[in-house]
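Have the viewer ready and follow along.

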Amino acid sequence: MLTRIPRRRPALALATGLLLAPLVVTGASSPAAATPQECERGANGFVDIPDTLKGTPAPVAPARIIGLTGTLYYGKIGGVTRGWAHLGGETTWGDSVWMDWSRDGGRTWIQCGPFEVTSGGQTKTSAAQRTSSDVNWKFRACVRWGRHIPPAISCTDWW
């Protein structure tokens, strides 16, 4: 007996494809050999912070992917003004956040992360790096929606 397979409606297929298409921001690539160890436990001047920590939002639009928000925050940590990336929203296992940090205006950078969510609804932060008035000292927050193959990535602008 033949089983009939229903056809998808073209409009529904197009809408589904648009919703699930990767949202990749230009420049969201990561440098080779980036690991969380480059910024954890004091490496390169970073400090570890709680995964729930929020501060003052940096003056750049958050990175957004369906249900996820990556925000670049700054605030006083141990008496020093620092910046960090924060992932919030409808998180599930496999979603992640990282912060890129550059000392040459974004031409090269250290990727602090990714730091993965291990359970639904969990927030996550990168380690925090001190801020500077040097115009070449920049940060951006990036998020990856782990439920999409290939993963969808979105980053804030450099701040």
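## Strands β9 and β10

In this predicted model, strand β9, which covers residues 138–145, pairs with β10 in the antiparallel sense, and four bridges connect them.

Where do β9 and β10 sit in their sheet? The sheet is open and has four strands in the order β6-β5-β9-β10, with antiparallel pairing. Its edge strands are β6 (110–116) and β10 (152–155), and each of these pairs on one side only. On average, neighbouring strands of this sheet are turned by 20 degrees against each other, with direction ignored.

How many disulfides does the structure hold? There are two. A disulfide is a covalent bond that links the sulfur atoms of two cysteines.

One of them joins Cys 142 to Cys 155, with an S to S distance of 2.0 Å. The torsion about this S-S bond is about 110 degrees, so the disulfide of Cys 142 and Cys 155 is right-handed. Because Cys 142 belongs to strand β9 and Cys 155 to strand β10, the pair ties together parts that are 13 residues apart in sequence.

Now move to the edge strand β6. Here a disulfide joins Cys 39 to Cys 112, again with the sulfurs listed at 2.0 Å, S to S. This pair links distant parts of the chain: Cys 39 is in the loop between α1 (10–20) and β1 (56–57), while Cys 112 is in strand β6, and the two cysteines are 73 residues apart. The link of Cys 39 and Cys 112 is right-handed, with 80 degrees about the S-S bond.

Are these cysteines buried or exposed? The cut-off for buried is under 20% relative accessible area. Cys 39 has 0% relative accessibility, so Cys 39 counts as buried. Cys 112 is buried too, because its relative accessible area is 0%.

## The pairing pattern

Which pattern do the bonded cysteines follow along the chain? Numbered in sequence order, they pair as 1-2, 3-4. In residue terms, Cys 39 is joined to Cys 112, and Cys 142 is joined to Cys 155.

Key:
Residues numbered from 1 in each chain as written. Predicted model: local features only at pLDDT ≥ 70, side-chain atom pairs only at ≥ 80, totals over all residues. Heavy atoms only, no water. Pairing = 2+ DSSP bridges. Axes fitted to C-alpha atoms, helices over the stretch in contact; angles between N-to-C directions. Disulfide = S-S within 2.5 Å. Buried < 20%, exposed > 50% of the residue type's maximum accessible area, 1.4 Å probe, protein only.
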